[in-house]
Amino acid sequence: MASFNTTTTTTNTNEIDHQIKISSTSSVKEEKNLEEEVKVEMSEMEKSKVGIMRALVQKQDPSNCKEVNDDLMIRRFLRARDMDVEKASQMFLKYLSWRHSFMPPNGGCFTNSDVATDIAHNKVFMQGHDKQGRPLLLVYGGRHKQHNPDHLKRFVVYCLEKLCTRMPKGHEMFVAIGDLKGWGYANCDIRGYLAGLSILQDCYPERLGKLFLVNVPYIFMTAWKMVYPFIDKNTKKKIVFVDNKKLKPTLLNDIHEEQLPEIYGGKLSLVPIQDC
């Protein structure tokens with residue numbers, strides 16, 4: 001499993017509050033610029049660093065797996081480490097080791113039976129896309145129930161792999177809505193949240209385009225303040241806390257009405273992740 005560096009876990013309440021305020025009013029223009037940057041062809045500098053990084057990785061891991069030959073994947077790891085080849089190479093090698101030990105053998109993926117407990121919670125749906133063509137994921141935090149953390153890790157990977165395999169051509173990111181309506185302490189799973197965050201950031205870097213947190217109850221902030229220090233700076237920029245009074249117009253800034261789930265005033269029916 002990918003792991004966190006736990007040396008900087010002190011929660012800065014002012015920083016968290018400031019981040020929430022900024023996220024609530026984040027500009028659509030800024031987000032579009034982020035996505036446009038991802039969609040453009042590689043610059044000469046990026047091509048050069050991708051080649052150097054591939055050589056470094058192959059020197060330490062000569063297995064020549066398909067991931068090593070994926071230029072866009074290597075670029076995502078580079079971007080996650082601010083184009084630092086050495087840091088990105090170490091991150092990528094850890095990812096390859098994790099994938100070899102965690103995923104089903106022979107390049108397989110987890111099946112519905114592997115994640116049956118989480119599927120039974122009926123908490124994750126995938127349908128539609130935002131205005132930029134990125135697939136849309138909906139997660140009901142209030143339906144999550146604590147259980148075996150290894151099972152949850154498998155479910156997180158199961159969902160991310162589904163998203164990645166259905167990524168439209170020319171896109172590398174997805175958009176998520178985290179709906180916390182009904183969330184309470186019975187749903188609080190800090191260990192699970194950190195495990196899922198670690199997998200997202202360390203093994204699927206630069207895949208998350210934006211995360212809308214909606215219907216957020218006040219008590220959730222207790223859990224948020226525990227998780228926040230582990231969120232890297234790139235991910236923090238993509239999190240938007242949505243004011244309940246501005247829920248539909250905020251979502252419509254990024255998602256056309258025909259692609260927005262019905263529960264938020266749109267026209268699209270929910271599709272359980274296992275049916276996608």
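Helices (H or I, at least four residues) and strands (E, at least two) are DSSP runs, numbered from the N terminus. The model is predicted.

**Exercise 1. Describe the largest cavity: its volume, its lining and the elements behind that lining.**

Step 1. Start with the volume. The largest cavity holds about 920 Å³.

Step 2. Go to the centre. Val139, Tyr193, Gly196, Leu197 and Leu211 lie nearest the centre, out of 34 lining residues.

Step 3. Assign the lining to elements. At least two residues each come from strand 2 (135-140), helix 7, strand 3 (174-179), helix 8 (190-203), strand 4 (208-214) and helix 9 (220-227). Helix 7 gives the most, with six residues.

Step 4. Sort by class. The lining of the largest cavity has 26 nonpolar, six polar and two charged residues.

**Exercise 2. Find how many cavities of 30 Å³ or more the whole structure has, then describe the second largest cavity.**

Step 1. Count. The search finds four cavities of 30 Å³ or more.

Step 2. Take the second largest cavity. Its volume is about 100 Å³.

Step 3. Name lining residues. Among them are Ala80, Leu200, Tyr204, Arg207, Asp232 and Lys238. Helix 8 and helix 10 (233-236) are the elements that give two or more residues to this lining.

Step 4. Sort by class. Five residues are nonpolar, three are polar and four are charged.

**Exercise 3. Describe the second largest pocket and trace its lining to helices and domains.**

Step 1. Look at the lining. It has 20 residues, and Asp70, Met73, Glu161, Cys164 and Arg207 lie nearest the centre of the pocket. Two or more lining residues come from each of helix 4 (71-80), helix 5 (85-102) and helix 7 (149-165). Helix 4 supplies the largest share, four residues.

Step 2. Check the domains. Domain 1 (21-102) and domain 2 (113-275) each give at least three residues to the lining of this pocket.

Step 3. Sort by class. The pocket lining has nine nonpolar, three polar and eight charged residues.

Step 4. Link back to Exercise 2. Arg207 is one of the residues that line the second largest cavity. Arg207 is also among the residues nearest the centre of the second largest pocket.

**Exercise 4. Classify the packing of helix 4 and helix 5.**

Step 1. Read the geometry. The two helices, helix 4 and helix 5, pack at an angle of about 120°, and their axes are 8 Å apart.

Step 2. Apply the cut-offs. Roughly perpendicular covers 65 to 115 degrees, and roughly antiparallel needs over 145. The angle is about 120°, so helix 4 is oblique to helix 5.

Step 3. Helix 4 passes helix 5 in a right-handed crossing.

Terms used: Residues are numbered from 1 along each chain as its sequence is written. This is a predicted model: local features need pLDDT of at least 70, side-chain atom pairs count only at pLDDT 80 or more; totals for chains, interfaces and linings use all residues. Side-chain values use heavy atoms; hydrogens and water are left out. On a 1 Å grid over the protein atoms alone, a cavity is a set of points where a 1.4 Å probe fits but cannot get out, and a pocket is an open set with protein on both sides within 12 Å along at least five of seven lines; lining residues have an atom within 4 Å of a point. Grid points are joined across faces, edges and corners, and a volume is the space filled by probe spheres set on the points. Ala, Val, Leu, Ile, Met, Phe, Trp, Tyr, Cys and Pro count as nonpolar, Asp, Glu, Lys and Arg as charged, and the others, Gly among them, as polar. Domain bounds come from an automatic or database domain assignment. Axes are lines fitted to C-alpha atoms, for helices over the stretch in contact, and angles run from 0 to 180 degrees between N-to-C directions. Angles under 35 degrees count as roughly parallel, over 145 as roughly antiparallel, 65 to 115 as roughly perpendicular and the rest as oblique. A crossing is left-handed if the near helix is turned anticlockwise from the far one by less than a right angle, and right-handed if clockwise.
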